[in-house]
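I opened my notebook to record what I looked up, one entry at a time. The entries follow below.

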Amino acid sequence: MNATDNHKDVSPKGAASVRMRGVDKAFGSLTVLQELNLDVEPGERVVIIGPSGSGKTTILRVTMTLERIDSGTIQIGGQHLYHEETSSGQLKDASEKHIRGVRSNIGMVFQHFNLFPHMSAIENIMLAPVKVHGKSQRDAQQIGMELLDKVGLIEHANHTPGQLSGGQKQRVAIARALATQPSVMLFDEVTSALDPELVGDVLNVLRDIAEEGKTTMMLVTHEMGFAREIADRVLMFDAGRMIEDGAPNDLLNNPQHERTKSFLGAVAEH
Amino acid sequence: MSDTTRTESPADEPDVDAATGQVVSFELAQHHKWYRRPDVVIPVVLVFLGLTLLAVADTPSARFGSEFTPSGDVSFSWSYFFHLVPQMLQGLFVTARATVLGFLIAASLGLVLALLRRSESRWVSYPAVALIEFVRSTPILVQMFFAQVLVRATPAVSLNALVILFIVVGIHYATYASEAYRAGINSVPKGQWEAATALNLDPLTKWTRIIIPQAVPNVLPTLGNYLVAAFKDVPIGDAVLSTGGVLFMASTIRNVDFRPVEPYLLIGVGFLLVSLPAAWLVRRLEERIAYERD
């Protein structure tokens, strides 16, 4: 991965790095991210924890370009997301076209699934391969059925989201995100909206993705047991700042920061 | 859809090879989409087919010939009432045609106006807002007078009265329809837009495959109500522009036979017979079209 990579290439590219430098983001007078520096290596699995309002979801949202950053830079696989390099090496604000190009490397799974309710599971998955990657209906259907098989929902291919349980919806949403073969995948509290007994199936799918190791994963989650199991690194956020960064066993068993201790204590009580 | 050579799987379920677990054949189901559901589509298509026939058929002559001679007796007579029915149906035909043509303009121009209003460029959105608010806040009666004067004052443009009528009705209701479309678009949950961004869909795909298919079902009942409302506004054109609709017919009959009660009563009955079923259809559509969101 380097800056000369052709971002129009939509073939599998393998995992990519994420690099944030001095990222600021505020909503009005409310600062949600402050001078954030973050490095995620290709293939790394990073779990972000923190109390609500700590800015952890915003990190994913600015990476997915759902929110624009106020200042700083984000690089995906060495390519600037919000900036373009001019011939003189200066950074200028990127065009929509450039952002679209870099964004094709990123996939996201949402807390509330956000499946398209007027399409069946398979159509949800096929849409981006057909419309964005120019695949034929037949190829896209093949990809879609393989992905549905992978998440254990092949018999639900023709069912609409309304006919699926929360856990099934989330697995379809993961399959839909995987269909674009992203180098970086963002998971925003993907089990928070699910009934407890449905969480396991979704976590199993995440384990499979992690095992394949084809993609960098950034997860915001409250499942500390899962974080410990899957993460290479855990980041603790509070009030828009990263206050602790370490291997899961170190950070979760032996937190250094007072805020981390109290947060983990509060989470553990549940 | 899929051109599998093997035997088609019976229901929606894909055929899975028991040995390999591979999908052998799979038919995409298409029935769940609202615009593929017969219970929604058939009434809509029937209504539009009927109205389109109205719109393209030949105009009957708007001439009134009475077999009744004025006798001085103007008390209500059922035989005279029924005698007028064929004449008044001709008027209804013209009224319905103006409604349909006007509404076709309203439904399409309304969507365009709604999209223009959403534009990020102020040079596009502000004029759209100005037009919508201006037209919505002036009466259609005045707009018809204005359009008539405008056409008369412009020698290069010669439009017959019916054309002026349906253009005015079309633009007037386009502004209302645009607000309905806008509400429909805004009712599409934020998560749908975000999912479209996360999948990197281009704007055209986002609008045509994600937003509009979810917005339009929400808008259809409102559009149906506007169709009924436009139908009731079209006779204003008879008074202002002398188009040959129901009101024009009734006035002509009054002028010839000096018997106003029967023709005007017929207008009332005619509107009731059209508007009540239309309102019922709209309500049914409303109930049918709501589908589950995730």
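**Chain B, then the sheet and the cores**

I started with chain B and counted eleven helices and two strands. The model is a predicted one. I then looked up burial: of the 294 residues of chain B, 32% count as buried. For contacts in chain B between residues at least 6 apart in sequence, I wrote down that 74% join residues at least 24 apart.

Next I turned to a sheet in chain A. Six strands form it as an open sheet, in the order S8-S9-S10-S3-S11-S12, with mixed pairing. Strand S8 (106–109) and strand S12 (241–246) of chain A are the edge strands, each pairing on one side only. On average, neighbouring strands of this sheet are turned by 20° against each other, direction ignored.

I reminded myself that strands of a sheet pair through backbone hydrogen bonds, either parallel or antiparallel. In chain A, strand S3 (residues 45–49) and strand S11 (residues 233–238) pair in the parallel sense, over four bridges. Within this pair, I found Val47(A) opposite Val234(A).

Which residues touch the most other members of the largest core? They are Ile48(A), Leu148(A) and Met218(A), in a core of 87 residues. Helix H3 (residues 121–131) of chain A gives this core its largest share, seven residues. Another core, of 52 residues, lies apart from it and includes Ala106(B), Leu113(B), Leu220(B) and Ala230(B).

Leaving aside neighbours within four places in sequence, its contacts include Val18(A), Ile48(A) and Leu186(A).

Notes. Residues numbered from 1 in each chain as written. Chains lettered and ligands numbered in written order. Predicted model: local features only at pLDDT ≥ 70, side-chain atom pairs only at ≥ 80, totals over all residues. Core = buried A, V, L, I, M, F, W, Y, C linked by C-beta atoms within 7 Å. Buried ≥ 20, exposed ≤ 12 C-beta atoms within 10 Å, placed from the backbone. Contact = placed C-beta atoms within 7 Å. Pairing = 2+ DSSP bridges. Axes fitted to C-alpha atoms, helices over the stretch in contact; angles between N-to-C directions.
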